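User: Could you walk me through the labels used for this model, one at a time?
Analyst: Happy to; here it is.

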Amino acid sequence: MYLLGLDIGSSSVKASLLDAESSKCLATDFFPKKEMQITAHQIGWAEQDPEMWWDYLKQAIKSVMQTAKVNKAMVKAIGISYQMHGLVCVDKDLKPVRSSIIWCDSRAVEIGDKAFASIGKDKCLSHLLNSPGNFTASKLAWVKENEPETFAKIHKIMLPGDFIAMQLTGEICTTVSGLSEGIFWDFKNNSVSKDVLDAYGLSADVLPRIVDTFSNQGQVLPEIAKELGFSSQAVVSYRAGDQPNNALSLNVLKPGEVATTAGTSGVVYGVSDEVKFDPYSRVNSFAHVNHTAENNRLGILLCINGTGIMNSWLNHNVAKGLSYAEMNEKAMEIPAGSDGITILPFGNGAERVLKNREIGAQISNLNLNRHTDAHIYRAAQEGIAFSFFYGMEIMKEIGVQPNVIRAGHANMFLSPLFRETLATVSGATIELYDTDGSLGAARGAGFGAGIYSSLEEAFAGLEKINTIKPEEKLREEMLKAYDRWNKELHKNL
């Protein structure tokens with residue numbers, strides 16, 4: 001039997017086909033081959049066309065099925081991972097009424113702040129575990145306030161993964177984990193938050209029906225199965241936001257376990273069984289994939305928008321013609337601390353870890369007679385690692401102590417320099433695994449469809465490929481560099 005895992009990112013969409021018995025990936029592909037367009041009509045805005053995700057995903061699925069050459073009737077289950085916090089609005093014909101306002105869009109910050117004040121800080125934090133902030137509910141409120149004609153057309157709202165599931169099955173549904181990431185979920189009452197709906201003047205009718213994270217969430221439509229090359233007997237049996245799914249992909253399910261990723265944005269995600277929250281919402285608490293009302297499993301999420309996108313910007317605008325590997329090689333020729341250069345990578349919208357401030361990316365202490373592009377490449381990777389460490393120090397305040405961090409061997413974690421810097425400055429050991437979000441979604445689907453009897457069985461084939469320990473001989477220099485970085489940051493706060 002085969003499992004299809006889908007990963008809907010903001011840079012690309014990916015599909016992977018997994019052999020359920022052997023845990024081997026039979027085929028994988030992603031589209032587009034260059035980064036997907038993000039439209040910014042104003043500074044701080046970020047939108048994507050949901051139909052674009054679907055079109056590229058169909059290309060990826062067709063490619064995977066053609067490459068794998070398996071019996072299409074044996075594709076039994078589909079899992080979906082998706083970029084978190086996005087808002088998709090559809091009409092009664094199930095067509096988007098506007099572009100999706102995606103995760104890194106910061107237009108709704110002020111609206112969320114007003115709701116935080118009107119509902120009350122204590123009630124928000126104790127019931128929602130977060131400020132309404134710039135999350136999905138606040139983005140919907142922005143549409144209601146600024147685009148009333150568009151708002152009047154809305155039949156249902158969805159997260160990006162819910163939209164893809166709807167395209168596959170025709171069913172409109174979501175999960176408690178999804179509602180919690182949108183700040184629609186009341187953890188004390190174990191229900192949709194009446195406080196949030198009332199604060200924004202929204203009806204619960206606009207929300208999808210709730211299904212279990214691991215469950216039969218809908219059978220694939222016959223015409224879609226025919227177009228994409230597999231059986232209509234396949235079911236969507238798992239969905240989760242990219243960060244809970246990344247944790248699942250790394251078998252991070254128990255309290256005290258920590259996962260991280262560093263793609264366009266960077267995330268550290270720790271699991272807790274205690275209902276805790278950061279009073280400033282710099283890090284956020286959401287329902288993890290295995291959370292239930294009886295068995296708390298909360299994901300404590302540190303998200304930094306400006307991480308891998310900083311490295312990508314340098315690649316496209318400074319290191320023209322160089323590959324990322326060549327940039328890494330040049331950076332490693334420079335000693336730890338980058339000869340005094342400091343880079344703040346926060347150039348991708350408002351940062352929750354900075355209390356929703358938008359300070360932009362900055363380069364400090366650049367000496368035009370001394371420093372080269374190689375210094376900048378190293379300072380960028382150090383600055384990204386330092387931003388992780390800055391957030392990890394906040395996570396410690398609510399009881400998450402990242403001593404061992406699991407990550408997939410992808411994106412920034414392909415760089416030995418980045419891995420060494422993060423391990424050394426944080427003092428944590430990093431474990432790298434041969435997995436990604438699409439493979440995690442496939443394994444989740446296997447459990448949701450009953451092909452695996454437990455999550456332990458689903459992840460039995462997960463392979464660790466490397467362990468990176470802190471370089472004690474470099475730690476003093478790294479902490480000095482971090483101190484310089486931290487001082488530059490606080491000049492802007």
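Predicted model: local features only at pLDDT ≥ 70, side-chain atom pairs only at ≥ 80, totals over all residues.

Analyst: Helix 10 (residues 242-249) lies across strand 14 (258-262), strand 15 (266-272) and strand 17 (298-304), and its direction makes about 120 degrees with strand 14.

User: What makes strand 16 and strand 22 edge strands?
Analyst: Let's begin with their sheet, which is open and has seven strands in the order 16-17-15-14-20-21-22, with mixed pairing. Strand 16 (284-287) and strand 22 (464-468) each have a single partner strand, so one side of each lacks a neighbour in the sheet. The twist averages 25 degrees from one strand to the next.

User: How do you know that strand 21 and strand 22 pair?
Analyst: Pairing takes at least two bridges, and strand 21 (residues 429-433) and strand 22 have four, in the antiparallel sense. Glu431, for instance, has Thr467 in strand 22 as its bridge partner.

User: And what makes strand 5 and strand 13 a pair?
Analyst: The cut-off is again at least two bridges; strand 5 (residues 75-82) and strand 13 share six, in the parallel sense. Ala77 has Val235 in strand 13 as its bridge partner.

User: Why is Leu366 called partly exposed?
Analyst: Its relative accessible area is 39%. Buried would be under 20% and exposed over 50%, so a value in between is called partly exposed. Leu366 sits in the loop between strand 19 (362-364) and helix 13 (373-397).

How values were computed. Residues numbered from 1 in each chain as written. Heavy atoms only, no water. Helix = DSSP H or I, 4+ residues; strand = E, 2+ residues; numbered from the N terminus. Buried < 20%, exposed > 50% of the residue type's maximum accessible area, 1.4 Å probe, protein only. Axes fitted to C-alpha atoms, helices over the stretch in contact; angles between N-to-C directions. Contact = heavy atoms within 4.5 Å.
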